[in-house]
Amino acid sequence: MTCFFCTRPARGTCRFCGRGLCEDHAGFAPFVLAVYRSHDRERAEALVTEDALSCGTCKPRPQPVPMPELD
Ligand SMILES: [Zn+2]
Ligand SMILES: [Zn+2]
């Protein structure tokens with residue numbers, strides 16, 4: 001696999017879109033690993049990693065996507 005932005009070998013893939021990334025083009029962004037209910041079930045909590053590999057080009061949608069099946 002090669003980097004999406006240049007022809008160097010990819011060192012990893014964007015966690016969000018799957019593009020291949022060399023070390024020059026790899027960035028980091030918070031990534032939600034899981035969403036779950038707190039023990040009292042009053043709120044949803046997210047397990048987030050702060051340094052997921054990111055291409056920096058793809059962007060999360062500006063508006064949250066409803067997930068009614070989690071309610
Ligand atoms: Zn590159
Ligand atoms: Zn990406």
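Pro68 lies in the segment that follows β4 (44-54). The model is a predicted one. Pro68 counts as exposed, because 5 C-beta neighbours fall inside 10 Å, and a residue with 12 or fewer is classed that way. Arg11 sits 57 residues away from Pro68 along the chain. The C-alpha atoms of Pro68 and Arg11 are 37 Å apart.

The overall dimensions of the protein come next. Along the principal axes, the C-alpha atoms fill a box of roughly 50 × 20 × 15 Å. The secondary structure consists of 4 strands and 0 helices. From the N terminus on, the order of elements is β-β-β-β. The radius of gyration is 16 Å, whereas the globule rule gives 11 Å for 71 residues, so the protein is more spread out than a compact globule. Buried residues account for 10% of the 71 residues. Contacts between residues at least 6 apart in sequence were also examined. Of these, 34% join residues at least 24 apart.

β3 and β4 pair in the antiparallel sense. Their pairing extends over 9 bridges. Within it, Val35 has Ala46 of β4 as its bridge partner. Between the two strands of the hairpin are 6 residues. In this hairpin, Arg41 adopts a positive phi near 60 degrees. β3 has 11 residues, and the number buried is 0, so the strand lies largely in the open. In a regular strand, side chains alternate between the two faces of the sheet.

Nonpolar packing was considered separately. The largest nonpolar core has 5 residues. Its members are Cys3, Cys14, Leu21, Ala26 and Cys55. Cys55 touches two other members of this core, Cys14 and Leu21. Cys55 also touches Phe4, Cys17, Arg19, His25 and Gly27. These contacts leave out residues up to four places away in sequence.

Confidence in the prediction was then compared across the chain. The mean pLDDT of the protein is 89. A value of 70 or more is reached by 96% of the residues. Confidence is highest in strand β2 (residues 20-21), at 97. Confidence is lowest in strand β3 (residues 27-37), at a mean of 89. Where pLDDT is low, the predicted coordinates should not be read in detail.

Key
Residues are numbered from 1 along each chain as its sequence is written. Chains are lettered from A and ligands numbered from 1 in the order in which they are written. This is a predicted model: local features need pLDDT of at least 70, side-chain atom pairs count only at pLDDT 80 or more; totals for chains, interfaces and linings use all residues. A residue is buried if 20 or more other C-beta atoms lie within 10 Å of its own, exposed if 12 or fewer, and partly exposed in between; C-beta atoms are placed from the backbone. pLDDT is the predictor's confidence in each residue, from 0 to 100. A nonpolar core is a set of buried Ala, Val, Leu, Ile, Met, Phe, Trp, Tyr and Cys residues joined through C-beta atoms within 7 Å. Two residues are in contact if their C-beta atoms, placed from the backbone, lie within 7 Å. The radius of gyration is taken over C-alpha atoms; the globule rule is 2.2 Å times the number of residues to the power 0.38. Two strands pair if DSSP finds at least two bridges between them.
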